[in-house]
Amino acid sequence: MRNILIVGATSAIAQATARQFAERGNKLMLCGRNENRLNALADDLRSRGAAQVETFIMDACDFDQHQLLLQTTLTQLGKLDTLLLAHGTLSDQSVCEHDIHTLRSELDTNAISMLSLLTLCADHFEQQASGTLVTISSVAGDRGRQSNYVYGAAKAAVSTFMAGLRNRLAGKGVQVLTIKPGFIDTPMTAEFKKGPLWSTPEKAARGIINAIDKGKDVAYLPGFWALIMLIIRLIPEPIFKRLSL
Ligand SMILES: NC(=O)c1ccc[n+]([C@@H]2O[C@H](COP(=O)([O-])OP(=O)(O)OC[C@H]3O[C@@H](n4cnc5c(N)ncnc54)[C@H](OP(=O)(O)O)[C@@H]3O)[C@@H](O)[C@H]2O)c1
């Protein structure tokens with residue numbers, strides 16, 4: 001049985017993952033900013049078999065609350081084994097390109113808040129000599145594109161930070177797992193036209209749990225995105241910069 005903290009627990013991908021965690025009888029601390037949706041999710045997870053479900057209301061950018069979240073989780077669940085960071089916003093690229101206040105706010109939400117929570121939990125897991133850090137990054141962080149380079153830069157920061165943590169914590173009993181989804185049909189992508197490359201939150205959730213179980217370092221979801229992004233990364237910059245992506 002795992003004791004799991006999920007930040008951004010009301011996200012579609014996090015909810016699907018939490019349902020699968022609950023069906024395995026785990027203990028869960030759900031953190032998010034919408035109390036009603038958190039409570040509804042908590043009730044659903046209890047009915048699915050979770051051993052214990054608690055909630056903590058927090059905006060992820062309220063940095064002063066991060067330590068309290070960890071302490072409260074430890075007090076209420078007794079121990080923490082797994083952290084899943086799932087919050088995020090799909091930044092409005094056209095606004096961020098010219099408005100530095102929006103740019104900073106998007107970087108706080110999609111990058112700095114994650115790095116802050118990772119810093120606290122990495123120290124805790126290092127002292128505990130066990131634990132699993134899971135962060136939902138994105139394929140968007142693998143290469144900057146004109147259509148979403150602010151969101152992509154935040155996800156690149158998260159992926160690089162996770163790679164560094166993995167190197168720091170190797171051999172110390174801590175798994176550091178970076179999830180890189182491609183296109184997943186969730187409220188975040190509601191406006192997008194869907195096609196054959198699209199997947200569902202339920203499949204992403206199965207991929208996350210499978211990657212935890214297998215002790216993976218990085219998981220592209222679905223797996224074919226690893227090949228797509230390899231090809232994209234291999235395109236020489238003089239050509240890539242002229243593409244309309
Ligand atoms: N969908 C995709 O195609 C895709 C692809 C790659 C990566 N991802 C990543 O996957 C993760 C989950 O996204 P999703 O697709 O499941 O989208 P979603 O259903 O729209 O969920 C986004 C979640 O982030 C929460 N959130 C946003 N800002 C927050 C803040 N300041 N404090 C606390 N919570 C905040 C939202 O909370 P509220 O309910 O309060 O608004 C919502 O629960 C995100 O990190 C996203 O970047 C998604």
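Is glutamate 54 buried, exposed or partly exposed, and how many other C-beta atoms lie within 10 Å? The model is a predicted one.

**Whole chain**

Begin with the entire protein displayed as a cartoon. Nine helices and seven strands are present. The radius of gyration is 18 Å, close to the 18 Å that the globule rule gives for 245 residues, so the protein is as compact as a globular protein of that length. Along the principal axes, the C-alpha atoms occupy a box of roughly 55 × 40 × 35 Å. Colouring by burial marks 41% of the 245 residues as buried. Among contacts with a separation of 6 or more, 67% join residues 24 or more positions apart.

**The sheet**

Next, select the seven strands. They form an open sheet in the order E3-E2-E1-E4-E5-E6-E7, with parallel pairing. At its edges are strand E3 (52-57) and strand E7 (218-221), each of which pairs on one side only. Neighbouring strands are turned against each other by 15° on average, direction ignored.

**Strand E1 and its partners**

Select residues 3-7, which make up strand E1. Five of the five residues of E1 are buried, so the strand is largely enclosed by the rest of the structure. With side chains shown, Asn3, Leu5 and Val7 point one way, while Ile4 and Ile6 point the other way.

Two bridge partners in E2 can be located: lysine 27 for asparagine 3, and leucine 30 for isoleucine 6.

Continue to residues 201-213, helix H7, which lies across E5, E6 and E7. Helix H7 runs at about 155° to E6.

**Glutamate 54**

Return to the edge strand E3 (52-57) and select glutamate 54, which lies in this strand. Glutamate 54 is partly exposed: 17 other C-beta atoms lie within 10 Å. A residue counts as buried at 20 or more such atoms and as exposed at 12 or fewer, so a count of 17 falls in between. Leaving aside neighbours within four places in sequence, glutamate 54 is in contact with Met29, Gln76 and Leu77. A distance drawn between the C-alpha atoms of glutamate 54 and asparagine 39 reads 8.9 Å, with the two residues 15 apart along the chain.

**The ligand**

Finally, select the ligand and the residues around it. The shell comprises 25 residues, of which Ser11, Ala60, Gly88, Thr186 and Met188 are the closest. Coloured by class, this shell shows eleven nonpolar, twelve polar and two charged residues.

Definitions and conventions:
Residues numbered from 1 in each chain as written. Predicted model: local features only at pLDDT ≥ 70, side-chain atom pairs only at ≥ 80, totals over all residues. Helix = DSSP H or I, 4+ residues; strand = E, 2+ residues; numbered from the N terminus. Rg over C-alpha atoms; globule rule 2.2 N^0.38 Å. Contact = placed C-beta atoms within 7 Å. Near = placed C-beta within 6 Å. Nonpolar A, V, L, I, M, F, W, Y, C, P; charged D, E, K, R; others polar. Pairing = 2+ DSSP bridges. Axes fitted to C-alpha atoms, helices over the stretch in contact; angles between N-to-C directions.
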